Amino acid sequence: QQISWTPLLVVGYLFYLLLGAMVFQLLEKHAETHFRDQFQMEKLKFLQNYTCLDKQALEQFVQIFLEAWEKGVNPEGNSTNPSNWDFSNSFFFAGTVVTTIGYGNLSPSTVAGQIFCVFYALFGVPLNLAFLNQLGKGLNAHLITLERWVQKPGRAQVQLAVFLTTGTLLFLVFPSLVFSYVEGWSYGEGFYFTFITLSTIGFGDYVVGTNPNKHYIPVYRSLTVIWIVFGLAWLALVFNVGADLMEKFLQLKWHKPDLSLAEGPTTKLEDEPEQPRIHIPS
């Protein structure tokens, strides 16, 4: 008798969101309050040290500061800072658009640029998906092997370990070392950046090539885009396999086989081990 696991999945999904909300609130709210109070104290100290300024003038300067930041202008340094829209940075921005990462630290400010960005993404996002899909076909053999994991656990577990280990080293571990060295981040911050980027979450709190006190090679951000594209293909495949295995787990757990029909189909599975999916008869 088949039992629908869709309501359970909905409840589990909502529970996961609620759990995440509670944990993030627990971890971050106190720190936010501390930083907010510290910022207010720094503003008061600034007014005390510079009595020629009043509170309104300071608030206006803070507003200008925020507007500059929103326009992608780094307040640090001076006017000699490299442009955010040179070819290398523009190439990097184009990559974040079509991959839907969207860090949020840089965006077009002109009406023409905003309109172009809309149409560029309209055609670029499907093009990127088609490219990643074609790239993923090269890894399709791994996906089929992973789908047979339950049927052939011995050999497939080794291939699974090799696939995950190689990809993790190539797209997460080693790039984290490079970014932490070049950007001056800790390794934890570098690893956080790599995963948030390749998962297309893209908060924008860490972005490569934005420190005005560092001199980057011209192709640094362009090479980062190449890493992003191939890393996206690998991590998307991992996510797809994870979702597939989770669906299998739910089906195996909540689908009860009819004992009168179990013998025939079970024999078929043993005779045809090449079938990529497990079928539990209802």
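Helices here are DSSP runs of H or I with at least four residues, numbered from the N terminus. By that rule Thr224 sits in helix H8, which covers residues 220-254. The model is predicted.

- Thr224 has a relative accessible area of 3%. It counts as buried because the cut-off for that class is under 20%.
- Its side chain reaches the backbone oxygen of Tyr220 at 2.9 Å.
- Beyond its neighbours within four places in sequence, Thr224 is in contact with Phe92, Phe179 and Val208.

**Ser88 and Thr96 in helix H3**
- Ser88 belongs to helix H3, residues 87-98. Thr96 is found in helix H3 too.
- Ser88 is buried, at 12% relative accessible area. Thr96 is also buried, at 7%.
- The Ser88 side chain comes to 2.7 Å from the backbone oxygen of Pro218.
- Pro218 is also among the contacts of Ser88, together with Val219, Arg221 and Ser222; residues up to four places away in sequence are not counted.
- With the same exclusion, Thr96 touches Ile101, Gly102 and Tyr103.
- Thr96 and Val229 are 133 residues apart along the chain. Their C-alpha atoms are separated by 9.8 Å.

**Salt bridges**
- The count comes to two salt bridges.
- One joins the side chains of Glu32 and Arg36, at 3.2 Å from N to O.
- Both of these residues lie in helix H1, residues 6-49. They are four residues apart, about one turn of the helix.
- Glu32 is partly exposed, with a relative accessible area of 42%. Arg36 is partly exposed as well, at 43%.
- Glu59 forms a salt bridge with Lys43, and the closest N and O atoms are 2.7 Å apart.
- This pair links distant parts of the chain, 16 residues apart: Glu59 is in helix H2 (residues 55-70) and Lys43 is in helix H1.

**Nonpolar surface patch**
- Helix H6 (153-183) and helix H7 (187-198) each supply at least two of the residues.
- H7 gives the most, with four residues.
- Tyr187 is partly exposed, with 35% relative accessibility.

**Annotated spans**
- An unreviewed UniProt entry carries the annotation "transmembrane region" for residues 6-27, 87-106, 112-132, 158-178, 190-208 and 220-243.
- In the model, residues 6-27 are 100% helix and 0% strand. The C-alpha atoms at the ends of this span are 31 Å apart.
- Residues 190-208 are 47% helix and 0% strand. The end C-alpha atoms of that span lie 10 Å apart.

Note on methods. Residues numbered from 1 in each chain as written. Predicted model: local features only at pLDDT ≥ 70, side-chain atom pairs only at ≥ 80, totals over all residues. Heavy atoms only, no water. Buried < 20%, exposed > 50% of the residue type's maximum accessible area, 1.4 Å probe, protein only. Polar contact = N/O pair within 3.5 Å; in protein donor to acceptor, adjacent residues only side chain to side chain. Contact = heavy atoms within 4.5 Å. UniProt positions renumbered as here; feature names shortened; annotations may be inferred. Salt bridge = Lys/Arg side-chain N within 4 Å of Asp/Glu carboxyl O.
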